[in-house]
2 protein chains.
Amino acid sequence: MDASSERIRVRRAPKRGQYDADTINQILDEALICHVGFNDHGGPFVIPTIHARIGANLYIHGSKASRLIRCAIENERTCITVTLIDGLVLARSTFHHSMNYRSVVILSRGTLIEDETEKLNALKAISDHMVPNRWDHVRKPNANELKATAVVQFDLNEASAKIRTGPPADDFDDYALPVWAGVVPMQQRFGQPSPDPKLAESVALPEHVKALL
Amino acid sequence: MDASSERIRVRRAPKRGQYDADTINQILDEALICHVGFNDHGGPFVIPTIHARIGANLYIHGSKASRLIRCAIENERTCITVTLIDGLVLARSTFHHSMNYRSVVILSRGTLIEDETEKLNALKAISDHMVPNRWDHVRKPNANELKATAVVQFDLNEASAKIRTGPPADDFDDYALPVWAGVVPMQQRFGQPSPDPKLAESVALPEHVKALL
């Protein structure tokens with residue numbers, strides 16, 4: 001990660017900026033989805049999608065016919081942002097309210113993956129990112145499905161993380177106010193799986209799905 | 001909402017597209033944060049921030065000095081996207097895996113709010129969006145804080161929602177496979193509030209914070 005890149009440097013609250021690969025990778029791996037920013041006809045669009053990381057690259061996939069994929073391949077630069085919200089930070093003044101969060105912003109040029117093995121590896125990583133080990137238990141892509149699916153690779157050379165943790169930081173005078181202050185943690189949780197109405201009764205909930213709960 | 005706008009029309013999986021204000025407003029109100037897409041020096045950036053809706057307008061706020069705010073005011077167009085993930089959709093083939101989600105994409109030109117009453121109303125809406133009724137229990141912005149904070153308004157004239165619900169849609173032949181299929185619901189949950197270490201012991205957890213849990 002190139003912390004010297006001016007355009008990726010965290011400028012608001014620079015103390016919250018982090019540039020090491022471990023920190024960035026961990027956030028990318030924990031977040032289920034990313035938001036992809038690209039230009040089409042001269043204006044920005046932001047579209048959510050699932051991603052996965054392999055080493056120092058991030059992958060997204062989609063229909064070859066989609067605007068997202070077309071722009072991700074054609075544009076000189078795409079911005080991919082991942083955000084995890086860890087809690088609400090309640091201060092004594094409205095001004096110092098905040099959130100605890102971990103976010104990553106990546107600037108990169110997309111590359112269409114043409115090699116079939118590389119493509120299947122990326123699709124497996126995306127599947128395993130959603131549900132670890134799912135890939136091994138389902139029907140793999142056939143030739144037509146592979147043909148219809150595009151996989152786009154982005155390097156992580158220009159990426160930065162921004163992280164806020166801890167209690168509120170109030171103005172000195174405000175600490176005397178009788179206002180409750182602190183952090184309300186937030187978490188994304190899975191609920192009880194709901195079987196497809198068309199599922200045969202003989203098919204039990206497998207371990208790799210139970211492991212999510 | 002103008003469903004006839006070509007650039008906001010949902011093109012991938014058009015059956016998932018919805019354009020009525022009630023649907024769009026409900027998603028905007030439920031989502032804690034949005035992702036703002038804008039151009040700076042010719043390339044896209046995507047930055048997460050908190051938002052609030054009042055009627056047919058969406059508001060964001062930030063430091064007057066931030067790139068996000070400067071671009072949101074200066075650019076001809078900003079894209080604001082909100083995404084709620086409701087569940088993992090596990091199909092019998094990798095290809096038909098999906099998520100249940102509700103997302104909104106807004107294209108709009110930002111307007112800096114100069115009027116103080118309007119500005120305070122928007123800041124109150126943002127505060128109440130994070131924690132309902134919090135505004136009434138904390139110190140309000142003083143003149144310096146108000147001066148340092150910019151509020152930007154976006155109309156919702158060009159907005160669309162995209163929604164997926166329900167079980168997986170597998171290929172006919174795949175229903176015979178002995179693969180578990182269904183939906184694993186996801187929810188954002190609040191955990192036990194953690195008081196600021198500097199909080200006086202006499203200040204109890206108030207009802208408006210308990211109401212989050």
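Among contacts in chain A between residues at least 6 apart in sequence, 72% join residues at least 24 apart. Two residues are in contact here if their C-beta atoms, placed from the backbone, lie within 7 Å. The model is predicted: local features need pLDDT of at least 70, side-chain atom pairs count only at pLDDT 80 or more, and totals for chains, interfaces and linings use all residues. Residues are numbered from 1 along each chain as its sequence is written, while chains are lettered from A and ligands numbered from 1 in the order in which they are written.

**Chain A**

Chain A has five helices and eleven strands. These are DSSP runs numbered from the N terminus: helices are H or I with at least four residues, strands are E with at least two. Of its 213 residues, 41% count as buried. A residue is buried if 20 or more other C-beta atoms lie within 10 Å of its own, exposed if 12 or fewer, and partly exposed in between. Along the principal axes, the C-alpha atoms of chain A fill a box of roughly 65 × 50 × 30 Å.

**Contact between the chains**

Chain A gives 75 residues to the contact and chain B gives 76 residues. On the side of chain A that touches chain B, β10(A) gives the most, with nine residues. The table sorts that side by class; Ala, Val, Leu, Ile, Met, Phe, Trp, Tyr, Cys and Pro count as nonpolar, Asp, Glu, Lys and Arg as charged, and the others, Gly among them, as polar.

| Class | Chain A side touching chain B |
|---|---|
| Nonpolar | 41 residues |
| Polar | 21 residues |

A:Val183 has B:Ser194 in β11(B) as its bridge partner.

**Core**

The largest nonpolar core has 109 residues. Such a core is a set of buried Ala, Val, Leu, Ile, Met, Phe, Trp, Tyr and Cys residues joined through C-beta atoms within 7 Å. A:Val104, A:Ile106, B:Tyr59, B:Val104 and B:Ile106 touch the most other members.

Technical notes:
Two strands pair if DSSP finds at least two bridges between them.
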